[in-house]
Amino acid sequence: MTVHAFIFPGQGSQSVGMGAELAAAFAPAREVFEEVDDALEQKLSTLMFEGPMEELTRTENTQPALMAVSLAVLRVLEKEGGLELKRAAALVAGHSLGEYSALAAAGSLGIAQTARLLRLRGTAMQKAVPAGEGGMAALIGVDLEQARAICAEAAILRVEGEPDRSEIIEVANDNGGGQIVISGRATAIERAIAVAKARGVKRAVVLPVSAPFHCSLMAPAADAMGEALERAEIAAPVVPLVANVSAAKVTDPQAIRDLLVRQVTGTVRWRESVEAMAAMGVDSFVELGAGKVLSGLVRRIAPEAATRSVGTPADIEAFLASL
């Protein structure tokens, strides 16, 4: 019997038009988009369907928007297809903001509350570091230890006639398949690109992001999320979550709170999370929402597992037919 994990995408999967086909085809999807619009007191759905892209990629918009598409897909599967998450999936997981989508899917958080938390998370992350002072880069063809060594070398700021100083640069995402994302001070990111090239790394590129996510520069955002999550109503999920920062199962609401706070500054251990799910018997990963980024990553980490992306009406029909 197939053992499914439902996985939920993070930043980078957004595109103008996402969710529009779902809204046109299914009333339950429209209900989710309306609920998110009402919670945020903003027509986020119009921005998702029509753009402009530069507004959609503002992190305070991207985060709730990606969650909305993921939850719209799930709501359609539940209402139109009779799917019951706790029977259909053994585990849930999400990449960065996708962890909130996973928790909402598993009944741990309400959709309106999740939208407001993600709006706050995006705003707090943007405010944590002044524009232009932080950055992120992708290193392709490295493992975790190599990436950490590159960060350690790039952290050192040498100015002639002055003692060496250290700048923050850390591993943000271990995405698997030789793809590591690093995050920190913009000047340290520039040095890391040079160090990576000198070490013969296959590819090292600066990412077009608005802030240095998942590193200790995000500490002010972690504090803001700590306060918000302390007030949030969090129930035990109907299936366990495999958390980004621990790469382990969690169901306890207080532990979930703590992990979500740690996640703001901590490494997204996606490779280890997928490996852990496969070790727990998962042989099928179903990505719910926009894009196919996570399915591609899973194929590199656990090539023997089945992968499927469910984000359009046609995807939904095909997935329901496969159950």
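Which backbone oxygen does the side chain of T62 reach at 3.4 Å? The legend to view A gives the answer; every view is taken from a predicted model.

View A. T62 is part of α5, the helix formed by residues 59-81. The side chain of T62 reaches the backbone oxygen of T57, at 3.4 Å. T57 is also among the residues that T62 touches, together with Q11, Q14 and L56, when residues up to four places away in sequence are not counted. T62 has a relative accessibility of 0% and therefore counts as buried, the cut-off being under 20%.

View B. In the UniProt record, an unreviewed entry, residues 7-315 carry the annotation "domain: Malonyl-CoA:ACP transacylase (MAT)".

View C. The bond from G51 to P52 is cis, and its omega is near 5°. P52 sits in the loop that runs between α3 (44-50) and α4 (53-56).

View D. S96 is placed in the loop between β2 (91-94) and α7 (98-105). Its phi is near 60°, a positive value in a residue that is not glycine. S96 counts as buried because its relative accessibility is 11%. The side chain of S96 makes a polar contact with the side chain of H214, at 2.6 Å.

View E. H214 belongs to the loop between β8 (203-206) and α11 (219-231). Although H214 is not a glycine, its phi is positive, at about 55°. With a relative accessibility of 3%, H214 is counted as buried. Besides the polar contact with the side chain of S96 at 2.6 Å, the side chain of H214 reaches the backbone oxygen of G266 at 3.1 Å. Leaving aside residues up to four places away in sequence, H214 touches S96, R121, V171, A172, N173, S183, Q263, V264, T265, G266 and V268.

**View F. Helix α12 and its buried residues.** The helix α12 spans residues 253-265, and its buried residues are I256, R257, L259, L260, Q263 and V264. In an α-helix there are 3.6 residues a turn, so residues three or four places apart point the same way. The buried residues of α12 pack against α7, α8 (111-128), α11 and β10 (249-250). At the start of α12, a side-chain oxygen of D252 comes to within 3.3 Å of the backbone nitrogen of Q254. Two of the buried residues, Q263 and V264, are also among those touched by H214.

**View G. Packing of α11 against α12.** The axes of α11 and α12 lie 8 Å apart, and the two helices pack at an angle of about 160°. Angles over 145 degrees count as roughly antiparallel, and α11 and α12 are therefore roughly antiparallel to each other. Their crossing is right-handed. On α11, the contact is made by A219, A221, A222, M225, G226, L229 and E230. On α12, the contributing residues are Q254, R257, L260, V261, V264 and T265. Of these, R257, L260 and V264 are among the buried residues of α12.

How values were computed
Residues numbered from 1 in each chain as written. Predicted model: local features only at pLDDT ≥ 70, side-chain atom pairs only at ≥ 80, totals over all residues. Heavy atoms only, no water. Helix = DSSP H or I, 4+ residues; strand = E, 2+ residues; numbered from the N terminus. Buried < 20%, exposed > 50% of the residue type's maximum accessible area, 1.4 Å probe, protein only. Polar contact = N/O pair within 3.5 Å; in protein donor to acceptor, adjacent residues only side chain to side chain. Contact = heavy atoms within 4.5 Å. UniProt positions renumbered as here; feature names shortened; annotations may be inferred. Axes fitted to C-alpha atoms, helices over the stretch in contact; angles between N-to-C directions. Parallel < 35°, antiparallel > 145°, perpendicular 65-115°, else oblique. Left-handed = near helix turned anticlockwise from the far one by under 90°.
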